[in-house]
Amino acid sequence: MSVSSTEPEPSPEPPARGRWTRFVVAGVGLAVIAVVVNMMSAPDRAEGDRLQAMALEMPRTAPPDRGAEVPEVIPVDHLRPMLLDERPQEQLADWADSLADPLNIPRAALEAYGYAAQVVRLENPGCGVTWTVLAGIGLSESNHGRFGGATLDDTGRPSTPIIGLPLDGGPGVKEIRDTDGGELDGDTVYDRAVGPMQFIPTTWKRWGADADGDGVADPQDLDDAALTAARYLCHAGGDLTDSTGWWRAVLTYNESRSYAEAVLAQGEEYGRMSRAVLAND
């Protein structure tokens, strides 16, 4: 969470397009916040130059494997009221069912990542963000909504709200005083990163998306958080099919070389495993 005085404008909601009636890392998750707090805020010019320099120094091994092809989806129509039990991510239920157990990713999380990548592909064809990148971030941040023993329900929400450490200026942590009155993070003294993809409140206020059409942009809802992350990565990196653009996007999300390298490795593993699974079906 790099914190700066200049924040870009979020992408608009997509146009209406109709409506729809084993890879485990020990110690993964919110502990990364204690190392570097640089995720999901827009860099100012100086920070942007530094991130670009870091990206240019990274090995030309990115992006990771694109993974099993995601079926086409019809994005949610925000101009029409949502009907009970509708969740557009469930268009990918069969695809996610086939991959969930082999990849050790909850079905709802795979649906969220795949749907987000497909929606952004329609919105921004030049970006090239993939579900494998979102899955790599989701694993690093919260084990796909399962941090601390939580479970992810069928709508993409963790059984226990995921709230990070207070951003109190301690070792390796930037100080961010409370900005939301504790509305999202329950802390009226310091801000905390929230939800399965770990957004700080100021970033969520600007970029938060309602990906499932329930009328609420909720950082604890992985559907919403995955689409928000996909849009932000595209804004930060531009062309994520280019190695430098990919590194810059992920380093903007969290300015840590080891974090970015872990996301790359995790995304690569998910990509290769998913293609192998579907090839054997």
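**Entry 1: helix H4.** I looked up what covers the buried residues of H4 in this predicted model. The cover includes H2, H3, H6, H7 and H8. Trp131, Gly138 and Glu141 are among them. I also tested the length. The 12 residues of H4 should span 16 Å at 1.5 Å a residue, and the end C-alpha atoms are 16 Å apart, so the two agree. Just past H4, I found Asn143 with a positive phi of about 55 degrees.

**Entry 2: the largest nonpolar core.** Which residues touch the most other members of this core? I found Tyr113 and Trp131, in a set of 62 residues. Helices H1, H2, H3, H4, H6, H7 and H8 each give two or more residues to the core. H3 (107-123) gives the most, with 10 residues.

I listed the contacts of Tyr113, leaving out residues up to four places away in sequence. Tyr113 touches Trp131, Leu134, Ala135 and Gly138, and also Ile105, His144, Met197, Leu222 and Ala226.

**Entry 3: Pro201.** Is Pro201 buried or exposed? I read a relative accessible area of 3%; Pro201 counts as buried because that is under the 20% cut-off. Pro201 lies in helix H5, residues 201-207. Beyond its neighbours within four places in sequence, Pro201 contacts Thr179, Asp180, Leu184, Asp185, Asp191 and Arg192. For Leu184, I looked up the C-alpha separation from Pro201: 6.6 Å, at 17 residues apart along the chain.

Notes
Residues numbered from 1 in each chain as written. Predicted model: local features only at pLDDT ≥ 70, side-chain atom pairs only at ≥ 80, totals over all residues. Heavy atoms only, no water. Helix = DSSP H or I, 4+ residues; strand = E, 2+ residues; numbered from the N terminus. Buried < 20%, exposed > 50% of the residue type's maximum accessible area, 1.4 Å probe, protein only. Contact = heavy atoms within 4.5 Å. Core = buried A, V, L, I, M, F, W, Y, C linked by side-chain atoms within 4.5 Å. Expected span 1.5 Å × (residues − 1).
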